[in-house]
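The following note sets out points for a colleague who is reviewing this model. It begins with a term that the later points rely on.

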Amino acid sequence: MEAAALYERFENNLETIFSYIKRGLDVRTTPYNISMPLELNLLCDVLTQAGFPCRVTKDGFDALVEFHALYMQEGKRVSDVMHRILEDKRAYLRTPEGTVLLKEQLIRRLEYFNEIAHSMEVIARLQQLGSPLQYNYPFLNQ
């Protein structure tokens with residue numbers, strides 16, 4: 001998917017993910033509880049580097065709730081910063097591993113949220129249809 005399309009869908013993707021987590025979608029067999037706070041921290045690093053101070057302090061899905069609240073308050077500013085990053089082809093971010101383009105880092109985060117939103121829609125549809133569990137873990141049935 002193109003960067004412009006990912007940028008346009010970000011708010012919708014964030015809302016989709018948040019709504020499924022809020023409804024209690026069963027995602028215990030997924031790594032989202034661990035990967036989402038990491039991706040949110042990386043997104044906050046990119047936004048901070050571009051001039052919008054942002055920080056997520058919580059773990060697990062609480063990090064998503066915290067970021068969602070921030071986005072609901074400052075959505076216009078966040079969108080403006082993202083747009084500015086996508087337009088700038090020379091901005092870079094220094095990391096312990098080296099230097100990376102800020103635009104590329106943002107595009108990777110936008111892709112992540114697009115994929116997670118799609119995955120959660122599929123998981124919700126499967127659970128709604130009563131599909132059998134793909135993996136039956138005894139500790140999940142307790």
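Two rings of Phe, Tyr or Trp (taken as its six-membered ring) are paired if their centres lie within 6.5 Å; planes over 60 degrees apart make the pair edge-to-face, planes under 30 degrees apart make it stacked, and the rest are tilted.

1. Overall architecture. The model is predicted. Its chain contains four helices and two strands, arranged along the sequence in the pattern α-α-α-β-β-α. The C-alpha trace spans about 50 × 30 × 25 Å along its principal axes. Of the 142 residues in the chain, 42% are buried. Among contacts with a separation of 6 or more, 69% involve residues 24 or more positions apart.

2. Aromatic pairs. By the rule given above, the chain has four aromatic pairs. One of them joins Phe10 and Tyr71 in an edge-to-face arrangement, with 5.6 Å centre to centre and 75 degrees between the planes. This pair links distant parts of the chain, since Phe10 lies in helix α1 and Tyr71 in helix α3, 61 residues apart. Tyr112 and Phe113 are both buried. Ring pairs join Phe10, Phe67, Tyr71, Tyr112 and Phe113 into a cluster.

3. Nonpolar core. Which residues of the largest nonpolar core touch the most other members? Among its 44 residues, these are Phe10, Ile17, Met36, Leu47, Phe67, Met82 and Met120. Each of α1 (3-23), α2 (32-49), α3 (61-87) and α4 (102-128) supplies at least two residues of this core. Helix α4 provides the largest share, eleven residues. As for Leu47, its contacts beyond neighbours within four places in sequence are Phe52, Cys54, Phe67, Val78, Val81 and Met82.

4. Ala117 is found in helix α4. Its relative accessibility is 2%, under the 20% limit, and it therefore counts as buried. The C-alpha atoms of Ala117 and Ile17 are separated by 5.3 Å, although these residues are 100 residues apart along the chain. Leaving aside neighbours within four places in sequence, Ala117 is in contact with Asn13, Thr16 and Ile17.

5. Beyond neighbours within four places in sequence, Gln105 is in contact with Val46, Leu93 and Val100.

6. Geometry of α3. Where is the kink in α3 centred? The kink is centred on Glu74 and amounts to about 90 degrees. Helix α3 has 27 residues, yet its end C-alpha atoms are only 31 Å apart, short of the 39 Å that a straight helix would reach at 1.5 Å a residue.

Note on methods: Residues numbered from 1 in each chain as written. Predicted model: local features only at pLDDT ≥ 70, side-chain atom pairs only at ≥ 80, totals over all residues. Heavy atoms only, no water. Core = buried A, V, L, I, M, F, W, Y, C linked by side-chain atoms within 4.5 Å. Buried < 20%, exposed > 50% of the residue type's maximum accessible area, 1.4 Å probe, protein only. Contact = heavy atoms within 4.5 Å. Expected span 1.5 Å × (residues − 1). Bend = angle between axes of the 7 residues up to and from the residue.
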